[in-house]
Amino acid sequence: MEENKVFKPRVLFIKTPDPKSFNESIIEALSKSLSARGYETKTVEPTPENIQQTVEEIIEFKPLFSFDINLDGMIFAERDNEKKPFCDILGNIHLTWFIDDPMIHFTKLKSVLNSNQILYLTIDVEHGQWISSIGKNVAFLAPGINPSKIPPMMEKDFDIAFIGPITDPSIIEQNWRERFDDTLFGFAVELGRLIYRNPDIPIRFASGYLISQFNPQFQEAIYNFQRQNEDDFMNLLVEIGLYAMNLRRWNIIDNIDNFEVSILGQVIGETKENIVIYEDIQTQQEIINFLSRTKISLLSQPPFLPSGLGFTVFDSVATGALTFVEERLSSKAFFTPDEEIITYHPMDFIEIEGKLYQYLEEDVKRREEIAKAGRERAFREHTLYNRGELLANIMDDIIKRSLQEEENKPEENN
């Protein structure tokens, strides 16, 4: 007698090129977690050269779900002379996890808004609210660490590491002066500084507020620009957000005088003598390895995360470096300040340098205790295996609701 075959829902992971290697690490851990929950998984890596072969593999695999990062793995096909997401044609549910602001990927997002086969996952509550406001299904899924990528505890060779990239904001302003007229230049600089001063205000909200403060002629011009060139307007907001990020990072670094700071990543502009630049450290794994040898990790998140924490924060805490991060609503939800992480106010430079001195010179034992506690919590509660459990619950719920709908159909037809 044949044994009853156990139904294993199939999940297709679509891996795409990523210079910093975030995607590969995420997919590897989530695939392992979902497999442990009874899902059958497969990973494909489409390229222009193998796209037809990849499509054939997908059709043969018949996934119930497909998954990518930042909509980068969305495959399109033609049906009835119309370009459609492949998930619409195949009939599976596609999950895309925005690991930064969906606004940065607006062109890709706009191209799939007509599809009802996509569930959007976000790492920031505000991102989810924005996608919900345009009528799309969304769920929150926090970042986490891939435990296999985190080295064991090791000796600390460096005092302070700061994660780049960083550009002198005056260089960005000069570029804008050459490209923008005086009014648009003033708007861009003022919006960037508004976000700099208020890092918890979403840039989309701040933009609308600031536009209302300008004269009616400018308001009409900018609203026309937004309506007629929506992609360009979103790209402008991204540029302004990056300006605010660099304004904050540059000012933090420029106001640290008494300690050597190692900057990981590209730096554009002239820095002070106490700054050491490691421009060749770019990938997620390279950053993790450096932080594992560092006493204090000083992080400044981009303003595209107004309430949440990014992947780098979790990686940093897990390495055993004492992690400094700007105070955020979510920072208290994931880690306990002064017990597992240290929070700071990004414009209080005296506070920042004071806390650096405290934990480098005075409270060495306390620094090690906090770093150890943060690392333990990251491994206990904030792994991508944990997030895979939540993802499995989301997919289980979709399957359950789909089966209930199928069961109700005969009743509806009677």
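Predicted model: local features only at pLDDT ≥ 70, side-chain atom pairs only at ≥ 80, totals over all residues.

Student: OK. How many cavities of 30 Å³ or more does the structure hold?

Tutor: There are 2 of them.

Student: Which element gives the largest share of the lining of the largest cavity?

Tutor: That's α3, with 3 residues. Both α3 (86-90) and β1 (10-14) supply at least two residues each. Among the lining residues are Leu 12, Ile 14, Phe 86, Cys 87 and Leu 90.

Student: And how does that lining divide into nonpolar, polar and charged?

Tutor: You get 8 nonpolar, 4 polar and no charged residues.

Student: Now pockets. What's the volume of the largest pocket?

Tutor: About 950 Å³. It is lined by 37 residues, and Lys 20, Phe 22, Ile 99, Asp 100 and Pro 302 lie nearest its centre. Two or more lining residues come from each of α1 (22-36), α10 (230-254), α11 (284-291) and α12 (311-319). By class, that lining has 21 nonpolar, 10 polar and 6 charged residues.

Student: What about the second largest pocket, which element gives the most to its lining?

Tutor: α16 does, with 8 residues. The pocket has a volume of about 490 Å³. Of its 21 lining residues, Phe 65, Ile 93, Ile 398, Arg 401 and Ser 402 are the closest to the centre.

Student: Switching topic: where does UniProt place a domain?

Tutor: The unreviewed UniProt entry puts "Spore protein YkvP/CgeB glycosyl transferase-like" at residues 251-389. Over that stretch the chain is 45% helix and 17% strand, with the end C-alpha atoms 40 Å apart.

Student: Last one, Thr 323. Buried or exposed?

Tutor: Thr 323 has 0% relative accessibility, so Thr 323 counts as buried; the cut-off for that is under 20%. Its place is in strand β15 (residues 322-326).

Student: Which side chain does the Thr 323 side chain make a polar contact with?

Tutor: The side chain of Ser 316, at 2.7 Å. Beyond the neighbours within four places in sequence, Thr 323 is also in contact with residues including Ser 297, Leu 299, Val 317 and Ile 341.

Key:
Residues numbered from 1 in each chain as written. Heavy atoms only, no water. 1 Å grid on protein atoms, 1.4 Å probe; cavity = no way out; pocket = protein on both sides within 12 Å on 5 of 7 lines; lining within 4 Å. Points joined across faces, edges and corners; volume = space filled by probe spheres on them. Helix = DSSP H or I, 4+ residues; strand = E, 2+ residues; numbered from the N terminus. Nonpolar A, V, L, I, M, F, W, Y, C, P; charged D, E, K, R; others polar. UniProt positions renumbered as here; feature names shortened; annotations may be inferred. Buried < 20%, exposed > 50% of the residue type's maximum accessible area, 1.4 Å probe, protein only. Polar contact = N/O pair within 3.5 Å; in protein donor to acceptor, adjacent residues only side chain to side chain. Contact = heavy atoms within 4.5 Å.
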